[in-house]
Amino acid sequence: MSGLQKGEVYLVEPDDNWVQSFINEKDILQRVLGDLIIDIQHIGSTAIPGIKAKPLVDIIIGLRKIEDFKMFDFQELKENSYYHLAKVNIEGKEVIAKFESLEPLFKTHVAHVVEYGGEWWQKHILFRDRLTAQPELAKEYEQLKIKLSKEHPNNENAYANAKLEFVDRVIKMNED
């Protein structure tokens, strides 16, 4: 797993190691967080077969209620190179990330902590599942990401925000 420096945006070819990297981190997170977790899933572009992605594995952690986040063992998370991204302020979601290096900041995994079955959980899973089931839609997403990564090579937020219209469209699609 290579990872990204803070702010950096670039895409790499699909990598079979992404799935194993997720499995390894899932095992660590389940061991550290235990019964607080209902489910952990691989999400984001590295979970969608055959498309380019940032070399960063996205994970979603489902809790009974988001308040359970306060009960995480942050010291043990830190011992496993996971840190709470406290400046990420998104209602109904907390974010922790795994860093290979803190100087310079170099992250390899991002875990979105949400209420299991809640709106955030459903949207992330639905997006992944729709793109996985519809390779032509996944390729359309890949082309958008290629374009946006060239437009915003040093601005993760601008890159992410520019994808939102596409993501919303996919989420709102009617099932065929």
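Two strands count as paired here if DSSP finds at least two bridges between them. With that in hand, take strand E3 (residues 57–63) and strand E6: they pair in the parallel sense over 7 bridges. This is a predicted model, where local features need pLDDT of at least 70 and side-chain atom pairs count only at pLDDT 80 or more, while totals for chains, interfaces and linings use all residues. Residues are numbered from 1 along each chain as its sequence is written, and side-chain values use heavy atoms, with hydrogens and water left out. Helices (H or I, at least four residues) and strands (E, at least two) are DSSP runs, numbered from the N terminus.

**Strand E6 and its partners**

- Buried means under 20% relative accessible area, exposed means over 50%, and partly exposed is in between (1.4 Å probe, protein chains only).
- Strand E5 (residues 93–102) pairs with E6 in the antiparallel sense over 9 bridges, and Glu94 is bridged to Val113 of E6. A hairpin of 2 residues links E5 to E6.
- Strand E1 (residues 4–5) also runs antiparallel to E6, joined by 2 bridges. Leu4 finds its E6 partner in Lys107.

**Two partly exposed spots**

- Ile38 sits in strand E2 (residues 37–43), and at 39% relative accessibility it counts as partly exposed.
- Ile38 and Gly62 are 24 residues apart in sequence, but 5.5 Å apart in space, C-alpha to C-alpha.
- Setting aside neighbours within four places in sequence, Ile38 is in contact with Gly62, Leu63, Arg64 and Tyr116. Contact means heavy atoms within 4.5 Å.
- Gly117 lies in the loop between E6 and H3, and its 32% relative accessibility makes it partly exposed too.
- Gly117 and Ser21 are 96 residues apart in sequence and 24 Å apart in space, C-alpha to C-alpha.

**How H3 packs**

- Two packed helices are described by the angle between their axes and the distance between the axes. The axes are lines fitted to C-alpha atoms, for helices over the stretch in contact, and angles run from 0 to 180 degrees between N-to-C directions.
- Helix H3 (residues 119–133) and helix H5 (residues 156–172) have axes that come within 9 Å and cross at roughly 85 degrees. That makes H3 roughly perpendicular to H5 (65 to 115 degrees; under 35 is roughly parallel, over 145 roughly antiparallel and the rest oblique).
- From H3, Lys123, Leu126, Phe127, Arg130 and Leu131 meet Phe166, Val167, Val170, Ile171 and Lys172 of H5. By class, this contact of H3 with H5 has 7 nonpolar, no polar and 3 charged residues. Ala, Val, Leu, Ile, Met, Phe, Trp, Tyr, Cys and Pro count as nonpolar, Asp, Glu, Lys and Arg as charged, and the others, Gly among them, as polar.
- The axes of H3 and H4 come within 5 Å and cross at roughly 110 degrees, which means H3 is roughly perpendicular to H4. Phe127, Leu131, Thr132 and Ala133 of H3 make this contact with Pro135, Leu137, Ala138 and Tyr141 of H4. Its residues divide into 7 nonpolar, 1 polar and no charged.

**Helix H4**

- H4 (residues 135–151) has 17 residues and reaches 24 Å from its first C-alpha to its last, close to the 24 Å expected at 1.5 Å a residue. The expected span is 1.5 Å times one less than the number of residues.
- Among the buried residues of H4 are Leu137, Ala138, Tyr141, Leu144, Lys145 and Leu148. Their cover includes H3 and H5.
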